[in-house]
Amino acid sequence: MLLLLGTAATAQTPSLSNVNVTESLGLRIQWTVEPQTRDFTAVCGTIFNDQRVSARNVGLLVQGVDGDKVVSRNIPNIAREIVGQSAWQFCGTVLKAPVYRVVVTAVDWDTNLGN
């Protein structure tokens, strides 16, 4: 079963102390904005699978946004499987922008418990 998730969270001010959390259908994303250079910012964090079943083929999109325009995007490499009640780290580099978003774009839930 493929679930598309349109949940996003934004960070207005790049700061290591600014931890953002997005929660959607059992996947919880905790992330920070970390300035890297004059032009680039890293958006890094952890995806938590709080379910008892595995999340497979997780799609994640990191965006830099200016107004209503996406100015930069990155699709970080995510594990093919995040087993139940575990986590996976990610990091995506984007151009500096006023706002950042982390969006879960897709997940396949393993419904074959015990098989």
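Me: What share of the contacts between residues at least 6 apart in sequence join residues at least 24 apart?
Reply: In this predicted model, the share is 62%. A contact here requires heavy atoms within 4.5 Å.

Me: What makes up the secondary structure of the protein?
Reply: The protein has 0 helices and 10 strands. Read along the sequence, the pattern is β-β-β-β-β-β-β-β-β-β.

Me: What makes Pro-35 count as buried, exposed or partly exposed?
Reply: The class between buried, under 20%, and exposed, over 50%, is partly exposed. Pro-35 has 46% relative accessibility and therefore counts as partly exposed. Pro-35 is found in strand β4. Its C-alpha atom is separated by 9.5 Å from that of Thr-93, 58 residues apart along the chain.

Me: How do you know that the charged end of Arg-28 sits over the ring of Phe-48?
Reply: The distance limit for a charge over a ring is 6 Å from the ring centre, with a further limit of 35 degrees from the ring normal. The charged end of Arg-28 is 4.2 Å from the centre of the Phe-48 ring and is assigned as sitting over it.

Me: How many aromatic pairs does a search of the whole structure find?
Reply: The search finds 0 aromatic pairs. A pair would need ring centres within 6.5 Å.

Me: What makes up the largest nonpolar core, and which residues have the most contacts inside it?
Reply: The largest nonpolar core has 21 residues, and Ile-47 and Phe-90 have the most contacts inside it. Two or more residues come from each of β4 (27–35), β5 (40–49), β6 (55–66), β9 (86–95) and β10 (99–109). The element that gives the most to this core is β10, with 5 residues. Not counting residues up to four places away in sequence, Ile-47 touches Leu-27, Arg-28, Ile-29, Val-58, Leu-60, Ile-78, Ile-82, Ser-86, Ala-87, Trp-88 and Phe-90.

Me: What is the strand order of the open sheet of 4 strands, and which are its edge strands?
Reply: The order is β3-β4-β5-β9, with antiparallel pairing. The edge strands are β3 (20–24) and β9, as each pairs on one side only. Neighbouring strands of this sheet are turned by 20° against each other on average, direction ignored.

Me: How do you know that β4 and β5 pair?
Reply: Pairing requires at least two bridges between strands. β4 and β5 pair in the antiparallel sense over 9 bridges. Trp-31 stands opposite Gly-45 in β5.

Conventions: Residues numbered from 1 in each chain as written. Predicted model: local features only at pLDDT ≥ 70, side-chain atom pairs only at ≥ 80, totals over all residues. Heavy atoms only, no water. Phe/Tyr/Trp six-rings, centres within 6.5 Å; stacked < 30°, edge-to-face > 60°. Core = buried A, V, L, I, M, F, W, Y, C linked by side-chain atoms within 4.5 Å. Buried < 20%, exposed > 50% of the residue type's maximum accessible area, 1.4 Å probe, protein only. Axes fitted to C-alpha atoms, helices over the stretch in contact; angles between N-to-C directions.
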